[in-house]
Amino acid sequence: MLVVFNILYSSLVYTIGTDNTKGESFYTENAKRGQLLYQKYNCTACHQLYGLGGYMGPDLTNVMAKGEPYTKVFLQYGTQRMPNFHMQEDEINSLIAFLKYADKTGTSPIKHFDVNRDGTITPK
Ligand code: HEC
């Protein structure tokens with residue numbers, strides 16, 4: 001019996017459990033470039049993505065929901081607390097593409113959610 005459950009469970013984990021089609025189309029070449037720039041400029045030192053990272057600045061997972069022009073201003077000029085990286089226009093566009101991908105693939109921080117029968121959660 002245990003063997004049967006094990007096979008069933010494993011097959012579910014590796015099919016439904018790893019289904020990652022949501023937001024996949026947003027992982028473009030430009031977004032991949034943006035991801036590398038996110039690492040290069042070490043944005044993660046001050047910002048979280050999907051809830052992980054530094055805490056000097058806000059979580060950026062869903063920052064694109066505030067609009068592209070809003071996000072762009074921070075990348076172009078910085079603020080008193082965030083450095084101006086003097087990035088090229090195409091670098092900013094790649095970072096924007098990466099942040100769009102993050103917005104489509106995650107919600108953070110999760111304030112309201114349903115607990116599913118399998119113990120996972122679905123953000124409301
Ligand atoms: C030295 C720390 C630091 C680094 C490094 C940094 N930021 Fe920031 N960032 C901040 C702070 C702090 C704020 C909040 C604005 C303020 O208080 O001045 C901010 C704000 C932002 C915002 C607006 C967020 C919102 O919800 O209002 C965006 C977008 C952003 N940063 C993107 C980036 C990206 C992309 C990088 C990497 C290229 C980066 N930041 C690197 C400190 C940093």
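**Exercise 1.** Which residue forms a salt bridge with Glu-68, and how far apart are the closest N and O atoms?

*Solution.* Note that this is a predicted model.
Step 1: Find the partner. Lys-100 forms the salt bridge with Glu-68, and the closest N and O atoms are 3.3 Å apart.
Step 2: Lys-100 sits in helix 4 (residues 89-105) and Glu-68 in helix 3 (residues 68-77), so the pair ties together parts that are 32 residues apart in sequence.
Step 3: Lys-100 is partly exposed at 35% relative accessibility. Glu-68 is partly exposed at 31%.

**Exercise 2.** Where do Lys-32 and Glu-29 lie? Is Glu-29 buried or exposed?

*Solution.* Step 1: Both residues belong to helix 2 (residues 29-40), 3 residues apart, about one turn of the helix.
Step 1: Glu-29 is exposed, with a relative accessible area of 62%. Lys-32 is partly exposed, at 33%.

**Exercise 3.** Is Gln-48 buried or exposed? Which backbone oxygen does the side chain of Gln-48 reach at 2.7 Å?

*Solution.* Step 1: Locate the residue. Gln-48 is in strand 1 (residues 48-49).
Step 1: Compare with the cut-off. The relative accessible area of Gln-48 is 8%. Buried means under 20%, so Gln-48 is buried.
Step 2: Look for polar partners. The side chain of Gln-48 reaches the backbone oxygen of Gly-54 at 2.7 Å. A polar atom of this side chain also lies 3.2 Å from the backbone oxygen of Gly-57.
Step 3: List neighbours further along the sequence. Gln-48 touches several residues, among them Tyr-38, Tyr-55 and Leu-60.

Notes
Residues numbered from 1 in each chain as written. Predicted model: local features only at pLDDT ≥ 70, side-chain atom pairs only at ≥ 80, totals over all residues. Heavy atoms only, no water. Helix = DSSP H or I, 4+ residues; strand = E, 2+ residues; numbered from the N terminus. Buried < 20%, exposed > 50% of the residue type's maximum accessible area, 1.4 Å probe, protein only. Polar contact = N/O pair within 3.5 Å; in protein donor to acceptor, adjacent residues only side chain to side chain. Contact = heavy atoms within 4.5 Å. Salt bridge = Lys/Arg side-chain N within 4 Å of Asp/Glu carboxyl O. Lists of a residue's contacts leave out its neighbours within four places in sequence.
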